[in-house]
Amino acid sequence: MRRPGPGGDFAALSRRVGKPENVDERGWHAPELAKPGKRPFSNGRQTLSAVNLLSLAVAVVAVVILSATAGLALVQRITSDPAAEAMTTLREREAELQNETQVLATARGLYGASLSDASVLADAAGAIVVELEGILDRAALQPVERSRAALVAVIAGAPSIAVPEYRRPAIDDGSLDDIVVAIDKVRAAKEALVEPISEARASRSQVVASVDALKGELRATDSSIDVAAAEATRSNSAAADGFRSAVTDTAARVRAAHGSGSDGLTEMSAFAAAVRALRDENQRVLALQQSEVVDPVRPDPYVAPFVPEESGSTEPPPAGDTGGASDPDTGGAIDPGAGAGTPDPDPGQTPTPEPTVPPETGLPLPTP
């Protein structure tokens, strides 16, 4: 297509687009010579397009809506009841007070649970110290006792946290003054909860810190327990291997429990029991070994007494015959009739037979 030159086809182009007076030839060919309001294809007057009309309509509608909203708010403000608005405010403040009361109740519950756990730990730690006395060195148990004493003091000085109960006083819902007074009371009750909430949290933090300190001292006894276990197994070698293995195993369980964050009190008690069982078994075995000595042979009651051969007789001497023996007190011979003053036995009483000495050959055979 042939493009029109600067001057040849300008007339044809002007006939197509518009009249020549509507075109500023200088501004068309030289943009720097263009003037405002003298744009090509324009006669200096702008027409409203569809987009412009739509924007104008939206702006008008927005202005109308804002005006209606402001008017409605003004009407509600003028026609509203101050007492009703005050009751709404009172209910909102009471809801806030209820939330703060629940916060205090939660803090007190956590504090009470911490106190209970701390009390159980303190009692158990005291019992463990008693069980480990004589097994661990005293220097290893003293830090535990100090931490336990500090925890007991914290428990003894624990403050009592009370949760107040709020009840709305009887008021006139239509009286603005009564509602305002009720709102002030709710605000004062809410402010009164700040201190007990802080006290409950601070007291619980103190208890938790004391518990952690005691657990740390219990964990610090691991090395002393290992030393005590090695010493117990070495010095009680007479006991069976099972007793020594029990001591070693319970010592390892103590260290494992402390490594997992537990207080390890149950494992420490088992270790103390294992050491005592090892010692008791060792003493029992030693005592048994010492008692395994051959007892002297006891004489057989059926063996005849030894009689010298020169005596010539095995019969006992007759009654009253001293055989010429002398009285050791008087130095003289014993009077055979010294017992003459003894009364005769009762004829009606059967005399008790004297026991016979079995012969050397054994018991006599029964008479057929």
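How many helices and strands are there in the chain? The predicted model has 10 helices and zero strands. Read along the sequence, the pattern is α-α-α-α-α-α-α-α-α-α. The chain has 368 residues, and 21% of them count as buried. Its accessible surface comes to about 26400 Å². Carbon and sulfur atoms account for 57% of that area. Among contacts with a separation of 6 or more, 74% join residues 24 or more positions apart.

Helix H4 covers residues 82–132. Its 51 residues should span 75 Å at 1.5 Å a residue, and its end C-alpha atoms are 75 Å apart, so the two values agree. Gly134 follows H4 and has a positive phi, near 90 degrees.

Helix H6 covers residues 176–192. From first C-alpha to last, its 17 residues reach 25 Å, close to the 24 Å expected at 1.5 Å a residue. Ile179, Ala182, Ile183 and Val186 are the buried residues of H6. They lie on the same side of the helix, because they cover an arc of only 105 degrees around the axis. These buried residues pack against H4. Asp177 and Glu191 are exposed on the other side of H6.

An α-helix has 3.6 residues a turn, so residues three or four places apart point the same way. Asp184 is partly exposed, with a relative accessible area of 35%. Arg187 is partly exposed as well, at 42% relative accessibility. Elsewhere, salt bridges with shared partners join Glu92, Arg93, Glu96 and Lys190 into one network.

Arg93 has a relative accessible area of 31% and is partly exposed. Glu92, at 44%, is partly exposed too. A further salt bridge links the side chains of Arg138 and Glu145, at 3.1 Å from N to O. Arg138 is partly exposed at 40% relative accessible area, and Glu145 is partly exposed at 26%. The structure holds 12 salt bridges.

The surface also carries a nonpolar patch, formed by Leu56, Val60 and Val64. Together these residues have about 270 Å² of accessible area. Leu56 lies in helix H3, residues 50–79. Leu56 counts as exposed because its relative accessibility is 52%, and the cut-off for exposed is over 50%.

Note on methods. Residues are numbered from 1 along each chain as its sequence is written. This is a predicted model: local features need pLDDT of at least 70, side-chain atom pairs count only at pLDDT 80 or more; totals for chains, interfaces and linings use all residues. Side-chain values use heavy atoms; hydrogens and water are left out. Patches are made of residues with over 30% relative accessible area and no salt bridge: like charges are joined within 9 Å, nonpolar side chains (Val, Leu, Ile, Met, Phe, Trp, Tyr) within 5 Å. Accessible areas come from the Shrake-Rupley method with a 1.4 Å probe; for residues, only the protein chains shown count as cover. A salt bridge is a side-chain nitrogen of Lys or Arg within 4 Å of a carboxyl oxygen of Asp or Glu. Helices (H or I, at least four residues) and strands (E, at least two) are DSSP runs, numbered from the N terminus. Buried means under 20% relative accessible area, exposed over 50%, partly exposed in between (1.4 Å probe, protein chains only). The expected span of a helix is 1.5 Å times one less than its number of residues. Contact means heavy atoms within 4.5 Å. The arc is that of the directions from the helix axis to the C-beta atoms.
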